[in-house]
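Thanks for making time this morning. I would like to walk through one model with you, going from its surface to its helices and then to its charged pairs.

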Amino acid sequence: MYLLKRICTMLITLWIIVTLTFVIMHLIPGDPFATDSQMLPADVVQNMREKYNLDKPMAQQYLLYLKDLVQLDLGPSIQSKSRDVNTLIASGFPVSATLGLQALFLALFLGISLGIIAALYHHKWLDYVSMFIAIIGISVPSFILAPLLIKLVAVEWRLLPAASWGSWKHSILPSVTLAVGPMAIIARFVRASMLEVFSQNYMKTAEAKGLPTFAIVVKHGIRNALIPVLTFIGPLFAALITGTFVVEKIFAIPGIGKYFVDGIFNRDYPVVMGTTVFYSTVLILSLFLIDVSYRLVDPRIKLTSKGD
């Protein structure tokens, strides 16, 4: 019963997102053929409008778009004449997913490590150093960190390539850029959760039995401290694997984020709506899987809704 209700809620949420995105994109001032119309005859522009259904009333455009969407057809790209939106996403998603998964694993490893160290050495210098690193990570936005890494690591030290996509070396700088902010947030979550877990009676009992600190942390501490982290991982996972727009644009990475930004600048309605729908779908599914994973982390949590 819970799963059925959850699936219905997911579908309604996705429909609302699709509707809002469609309305907003068509209400924003601008014309995707504004540049071309200065060079092309009026009848050619009119034919192009008819091809993309832009000559029809907005309500009819909306129904046609929903019909194609149900058939998993995100429509043709206005600017990229040779490829449709499905093809753009199919080519960009593996790049964004590879980069995002690298950043996610890096953020989880460093964030959980820093959080545990800070909790174990509470009010000691290791705690202060760990939280200082976390504060720096939260404070420095990616659009500042990315050019800084390019200037230092790629231009001055010449250790890694600055941009583009090819070998594993091209993914290091953007992965680090993407991982720093989430790493800092995860570290603070883990520190707070671990401190709360350490205050529980079962942790004090395990310590009184003389168990090694490593065994206490791994067997009893981390599992109960990961619930807040799992809540944060859901939207983080969706954001990273579907492309972070600014970072992909700065590093010239051919992922979904780059296509989304280009689509906004070019008024490419199908690309913007298609990438938004794709991102929303991944986000909704990620949140659902995170809810299910709560049960795996803590068997005491039951997946039920009100009235069940």
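Before the first feature I need a definition: a patch is made of residues with over 30% relative accessible area and no salt bridge, where like charges are joined within 9 Å and nonpolar side chains (Val, Leu, Ile, Met, Phe, Trp, Tyr) within 5 Å. The areas come from the Shrake-Rupley method with a 1.4 Å probe, and for residues only the protein chains shown count as cover. A salt bridge, in turn, is a side-chain nitrogen of Lys or Arg within 4 Å of a carboxyl oxygen of Asp or Glu.

Please keep in mind that this is a predicted model, in which local features need pLDDT of at least 70 and side-chain atom pairs count only at pLDDT 80 or more, whereas totals for chains, interfaces and linings use all residues. Residues are numbered from 1 along each chain as its sequence is written, and side-chain values use heavy atoms, with hydrogens and water left out.

With that settled, I12, W15, I16, L20, I24 and I28 make a nonpolar surface patch of about 570 Å². W15 sits in helix α1, residues 2–27, where helices (H or I, at least four residues) and strands (E, at least two) are DSSP runs numbered from the N terminus. W15 has a relative accessible area of 48% and is therefore partly exposed, given that buried means under 20%, exposed over 50%, and partly exposed in between, with the 1.4 Å probe and protein chains only.

Stepping back to the whole chain, there are 14 helices and 0 strands, and the C-alpha trace spans about 85 × 60 × 30 Å along its principal axes. Of the 308 residues in the chain, 40% are buried.

How do helices α5 and α11 cross? The axes of α5 (residues 85–120) and α11 (residues 227–241) come within 8 Å and cross at roughly 150°, the axes being lines fitted to C-alpha atoms over the stretch in contact, with angles running from 0 to 180 degrees between N-to-C directions. The two helices are therefore roughly antiparallel to each other, since angles over 145 degrees count as such, while those under 35 count as roughly parallel, 65 to 115 as roughly perpendicular and the rest as oblique.

Turning to the charged pairs, the count comes to 5 salt bridges. In one of them, R191 pairs with D127, the closest N and O atoms being 2.9 Å apart; because R191 lies in helix α8 and D127 in helix α6 (residues 125–139), this pair ties together parts that are 64 residues apart in sequence. D127 is buried, at a relative accessible area of 1%.

Another salt bridge joins E156 and K151 at 3.2 Å between the closest N and O atoms, and here E156 is partly exposed at 45%, as is K151 at 46%. K258 and D262 also form a salt bridge, with 3.1 Å between the closest N and O atoms, and they are about one helical turn apart because 4 residues separate them in helix α13, residues 256–265. K249 joins K258 and D262 in a network of salt bridges.
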